[in-house]
Amino acid sequence: MSRVYNFSAGPAVLPEEVLKTAASEMLDYHGCGMSVMEMSHRSKMFDDIIKTAEADLRELLSIPDDYSVIFLQGGAHLLFAGIPMNFLKKKAGYIITGQWATKAFKEAAKQGEAVELASSKDKTFSYIPDCSDLPITDDMDYVYICENNTIYGTKYHTLPNTKGRPLVSDVSSCFLSEPMDVTKYDFIYAGVQKNVGPAGVQIVIAKNSFLTDDVKPYTPDIMNYKLMAEKESLLNTPPCYGIYICGLVFKWLKEMGGLKEMGRRNEEKAKILYDFLDQSKLFKGTVRKEDRSIMNVPFVTGDADLDAKFVAESKAAGLENLKGHRTVGGMRASIYNAMPRAGVEKLVEFMEAFEKANS
């Protein structure tokens, strides 16, 4: 069976080159006679894997020496709870731009004072609110954002004015899709299953001066980010195979030309789809134009039955996982780094044919 074009929001498409390398090394990694799945996380061979992965990630993002890189188990939900455990002393500000920011806000509110600084809930999270002059106070421990909203297809193209307070950002669905200035953040994290690797790994990039020993007394050691940084991600058994795949993706990104080139490609792919949506008489995008994501593109016909027909027929045409999230409806195309331009072109070609047949 030939591979389909997989538009899933996550777990999501991975580069074929990476999958082929992983397949070729499945039984015998570099002549050691065993799989990465089988080797000790304390072995010299795995030490090389994790250290090389970190070095390649640092190179891709130009991460300064005063920032730690941590590979952790779990997904974003664990960070929703872990961030206030580590950093919420008095109060924290949250900008609510979708379901994941809402969940993070609710987790923080269990542990301290969480303040809603702004929200786009009034229009089904179809835009990014104005963040130039938020009601941020000097006693806020941090300001939290979800930078790219997977479900709703919005993206911060300008970071909030935090008025000097530390910025914490969930970048799960836009991580490594384009260049980013790490120094503008104090704490960045990403669940890798959208753009970087298999589910079960989260990557944290944290300014060392932001990490603290003064965590809440009930914080588990594996959620104490300063301790995990000091132990170089090896306090406990890490998600070894997932980290190995992430490392292969980092190398693939370097071979593709780095994040500047990847950003150019992603902009080009997104433009093909958005240009069609903007002229279509049947389909329409759901996001304010200036806040559109280049990773996640939701769209609708305005007719639920027609949407369902589109999803069924697109699947039959080899275009998988285009059904939109239940809170938005319609369709959603996630066009991450590993989605080739040809996949987006085939999607648009199918949409054109569907529009002609159903207009």
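Leu 61, Phe 175, Ile 205, Phe 250, Phe 283 and Phe 310 touch the most other members of the largest nonpolar core, which has 89 residues. Helix α6 (residues 240–256) gives the most to this core, with eleven residues. A nonpolar core here is a set of buried Ala, Val, Leu, Ile, Met, Phe, Trp, Tyr and Cys residues joined through side-chain atoms within 4.5 Å. Buried means under 20% relative accessible area, exposed over 50%, and partly exposed in between (1.4 Å probe, protein chains only).

A quick word on the model: it is predicted, so local features need pLDDT of at least 70 and side-chain atom pairs count only at pLDDT 80 or more, while totals for chains, interfaces and linings use all residues. Residues are numbered from 1 along each chain as its sequence is written, and side-chain values use heavy atoms, leaving out hydrogens and water.

Leaving aside residues up to four places away in sequence, Phe 175 touches Leu 57, Leu 61, Ala 190, Asn 195, Val 196, Ile 203 and Ile 205; contact means heavy atoms within 4.5 Å. There is also a second, separate core of 30 residues, and Ile 83, Ile 96, Ala 104 and Tyr 142 are among them.

The expected span of a helix is 1.5 Å times one less than its number of residues.

| Helix | Residues | End-to-end C-alpha distance | Expected span |
|---|---|---|---|
| α7 | 22 residues | 32 Å | 32 Å |

Helix α6 is mostly covered, with 13 of its 17 residues buried. After α6 comes Gly 257, whose phi is positive, near 115 degrees.

How do α6 and α7 (residues 258–279) pack, and at what angle? Their axes are 7 Å apart, at an angle of about 80 degrees. The two helices are therefore roughly perpendicular to each other, a label used for angles of 65 to 115 degrees. On the α6 side, Trp 252, Leu 253, Lys 254 and Met 256 meet Gly 258, Leu 259, Glu 261, Met 262 and Arg 265 of α7.

Buried residues of α7 include Leu 259, Met 262, Leu 273 and Phe 276. Their cover includes α2 (44–61), α6, β12 (296–300) and α9 (341–358).

Finally, Ser 314 sits in helix α8 (residues 304–316) and is buried, with a relative accessible area of 0%.

Technical notes: Helix = DSSP H or I, 4+ residues; strand = E, 2+ residues; numbered from the N terminus. Axes fitted to C-alpha atoms, helices over the stretch in contact; angles between N-to-C directions. Parallel < 35°, antiparallel > 145°, perpendicular 65-115°, else oblique.
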